[in-house]
Amino acid sequence: MTARLPVFPLATVLFPGLVLPLHIFEERYRALVRHLVDLPEGAPREFGVVAIQAGWEVAPAGPGARATPGVGDVTLHEVGCTAELRQVTELTDGGFDIVTVGRRRFRIAEVDDSAAPYLTADVEWLPDPAGSDEVADLLAARVIAVFRQYLGLIRSDPEEISEQLPEDPTVLSHLVAATAALTVDDRQRLLAIDDTAARLRAELRLLNREAALLRQVRAVPVPLGELASSPPTPN
């Protein structure tokens, strides 16, 4: 079963449960926000966020502007996540600052660039894990341990390292994928994985890879004053 969604291409990957604030300045996406705000009470106010595979998210501006490769002419990844509109602030210039939260994953079946000022797409909803999974629970404990070690390499504040991490394996998998310093391609591959246990296994590999790289390149910089000073005189 497919559904029709407005689509917002971005140079990032959104995961279910994660907050995504956006500054809306292009007229086509202002129209999208107005459309969502005007929906009847109780209707889902959501649009699809899809990472850009090639091209650029900002359309050409000005009268007679034409799309050129990489500007307003994008190739999208196949899997995205809906963003549910939670907060809207209208700006004096007609734009919006909005706050959204990732809700559900989908796969694009077909994109339509003519039905509205913004892209729309027919999408297929991807399955969400249901119920307890003993393998995922075991993997979640391992991911939490490795993720804390990873945070210790990239953060200097002990309070940030000791922050509470979710115990739910699916929620944890989405949080780690969104907050670790991964490439868009790495995040996109994680988003496309349907099975929580498989996503956690992939994250263990990525976290171990990133931690190994950080340990290799970590060095304490020599203060500039020491670099400029004369070598010590031998006794």
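The model is predicted, and local features need pLDDT of at least 70, side-chain atom pairs count only at pLDDT 80 or more, while totals for chains, interfaces and linings use all residues. Residues are numbered from 1 along each chain as its sequence is written, and side-chain values use heavy atoms, with hydrogens and water left out.

**Confidence**
- The protein averages a pLDDT (the predictor's confidence in each residue, from 0 to 100) of 84, and 80% of the residues score at least 70.
- Over residues 60–72 the pLDDT is below 50, and this stretch has 15 contacts in the model beyond near neighbours in sequence, a contact being heavy atoms within 4.5 Å.
- Over residues 219–235 the pLDDT is also below 50, and beyond near neighbours in sequence that stretch has one contact in the model.
- Where pLDDT is low, the predicted coordinates should not be read in detail.

**Helices α2 and α4**
- Helix α2 (residues 134–154) packs with α4 at an angle of about 30°, their axes lying 10 Å apart; helices are DSSP runs (H or I, at least four residues) numbered from the N terminus, and axes are lines fitted to C-alpha atoms over the stretch in contact, with angles running from 0 to 180 degrees between N-to-C directions.
- Residues making this contact include Ile144 and Phe147 of α2 and Leu172 and Val176 of α4.

**Ser173**
- Ser173 lies in helix α4 (residues 169–179) and is buried, with a relative accessible area of 0%, where buried means under 20% (1.4 Å probe, protein chains only).
- Leaving aside neighbours within four places in sequence, Ser173 is in contact with Thr196, Arg199, Leu200 and Glu203.

Methods: Helices (H or I, at least four residues) and strands (E, at least two) are DSSP runs, numbered from the N terminus. Buried means under 20% relative accessible area, exposed over 50%, partly exposed in between (1.4 Å probe, protein chains only).
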